[in-house]
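Subject: Structure handover

Hi,

Here is the structure I promised to pass on.

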Amino acid sequence: MNMHSIRPEIQTAIDTTVVPADKTFGKAVLPVMVAAEFDGGNWSDLEVKLDSEHMVSAGSTAVQYAQSIFEGMKAYRVEQDTPQIFRPDDHAARFNRSADRMCMPHVPADMFKRAVNLITEVYADFIPRETNSSLYVRPAMYGTDYSLTITPSERYSFTVHVAPTVPFSLDMKSVLIERENTRAAVGGTGGVKAAGNYAASFISLRRAQALGCATSLWLDPIEHRYIEELSLMNFFYVKDGKLITPELQSSFLPGLTRSSIMKMAEYFNIETVEESIDVNALIADVQNGAIIEAFSSGTAAVISPIKAFKEADGTEVIFGTEPGPITSKLRAALVDIQEGRAEDVFGWMKFIK
Ligand SMILES: *Cc1c(COP(=O)(O)O)cnc(C)c1O
């Protein structure tokens with residue numbers, strides 16, 4: 001039982017939800033969501049409603065000026081009787097860091113977690129239960145003022161959508177080294193989940209896909225030489241038994257999967273190094289056989305092994321054609337915690353009561 005009464009027509013919509021057949025990541029967004037409105041300095045109560053009854057004006061600050069942020073998190077119900085959410089407090093904290101950067105009000109952590117729990121509870125029976133499946137949860141906030149003045153909105157919507165997701169392909173992926181475009185600047189918005197960052201990366205995604213790559217590898221915005229991250233994931237490689245990842249910069253995102261991996265590596269006595277990584281030196285090390293293992297990390301795929309780095313002219317360097325041993329070990333350990341097979345020694349999973 002939750003404190004929120006659900007209108008009968010909404011309960012009917014929930015009960016009769018038809019989940020789209022294509023449940024690849026992010027596609028099967030369900031019709032009912034949770035929403036709250038910010039006006040006059042206060043948040044309304046959370047409401048369970050249909051996406052189709054939620055109004056956002058075409059003249060809103062969000063649409064006209066991209067004053068919009070989001071989070072991406074997951075609810076799991078594989079071995080668990082009731083759903084569990086991965087690191088909700090940390091997602092709430094990052095959401096409010098994004099809000100600060102974009103001059104938006106905070107969503108109190110308690111309200112953020114109640115909203116996530118509520119929509120997860122509403123759709124608990126729609127969470128796929130096979131391994132590597134989950135309910136992707138998408139909190140977002142955006143300015144709703146009907147105004148063309150170039151100032152922060154005074155009114156906002158906070159919404160939480162969900163999308164059941166089936167196993168992400170664990171195939172080895174190739175990645176395009178993006179040597180031309182820049183995703184985000186130092187001092188810009190790359191370090192937060194601001195909506196506009198993602199639109200800015202689409203041009204590179206198109207080029208990557210045309211070359212048979214899954215995504216792009218972004219380099220630093222000043223010299224185009226040091227590795228930052230992939231479009232939705234952080235980057236790791238293994239050398240001499242050490243796990244190496246780029247040192248955080250204001251231009252790219254501090255992933256929670258990244259920090260989870262670093263915690264697990266410490267637990268397994270795998271030395272972890274955060275440093276600046278020159279892409280050309282890394283390529284030379286792959287060519288001379290010193291590096292045979294690289295992967296990306298993020299909520300969507302958890303850990304995704306990288307097969308190769310490709311250049312725009314089609315030439316590539318191959319790390320390996322099978323996931324490496326450290327990649328596989330860390331992936332299995334994290335997924336076992338998320339899916340309820342292993343003890344949650346780090347306290348990352350929160351049950352929904
Ligand atoms: C969300 C995101 C990540 C991964 O963060 P997680 O907390 O691990 O999901 C990495 N890079 C970008 C640009 C992102 O938006």
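Predicted model: local features only at pLDDT ≥ 70, side-chain atom pairs only at ≥ 80, totals over all residues.

Below is what turned up, starting with the ligand.

Numbering starts from 1 along each chain as its sequence is written, and side-chain values use heavy atoms, with hydrogens and water left out.

**The ligand**

There are 15 residues around the ligand, and Lys193, Tyr198, Glu229, Thr257 and Thr299 come nearest (a residue is near if one of its heavy atoms lies within 4 Å). Sorted by type, the shell has 5 nonpolar, 6 polar and 4 charged residues; Ala, Val, Leu, Ile, Met, Phe, Trp, Tyr, Cys and Pro count as nonpolar, Asp, Glu, Lys and Arg as charged, and the others, Gly among them, as polar. A polar side-chain atom of Tyr198 sits 2.4 Å from a ligand oxygen. For Thr299, a side-chain N or O atom is 2.6 Å from an oxygen of the ligand, and for Lys193 the distance from a polar side-chain atom to a ligand oxygen is 2.7 Å. On its own the ligand exposes 380 Å², and the protein buries 98% of that (areas by the Shrake-Rupley method with a 1.4 Å probe).

**Salt bridges**

The structure holds 21 of them, each a side-chain nitrogen of Lys or Arg within 4 Å of a carboxyl oxygen of Asp or Glu. One joins Arg77 and Asp125 at 3.5 Å, N to O. Arg77 is in the loop between strands 5 and 6 and Asp125 in the loop between helix 4 and strand 7, so this pair ties together parts 48 residues apart in sequence (helices, H or I, are DSSP runs of at least four residues and strands, E, of at least two, numbered from the N terminus). Arg77 is buried at 14% relative accessibility, whereas Asp125 is exposed at 70%; buried means under 20%, exposed over 50%, and partly exposed in between, with a 1.4 Å probe and protein chains only.

Another bridge pairs Glu274 with Arg258 at 2.8 Å, N to O.

Arg7, Glu9, Glu47 and Glu53 form a salt-bridge network.

Happy browsing!

How values were computed
Polar contact = N/O pair within 3.5 Å; in protein donor to acceptor, adjacent residues only side chain to side chain.
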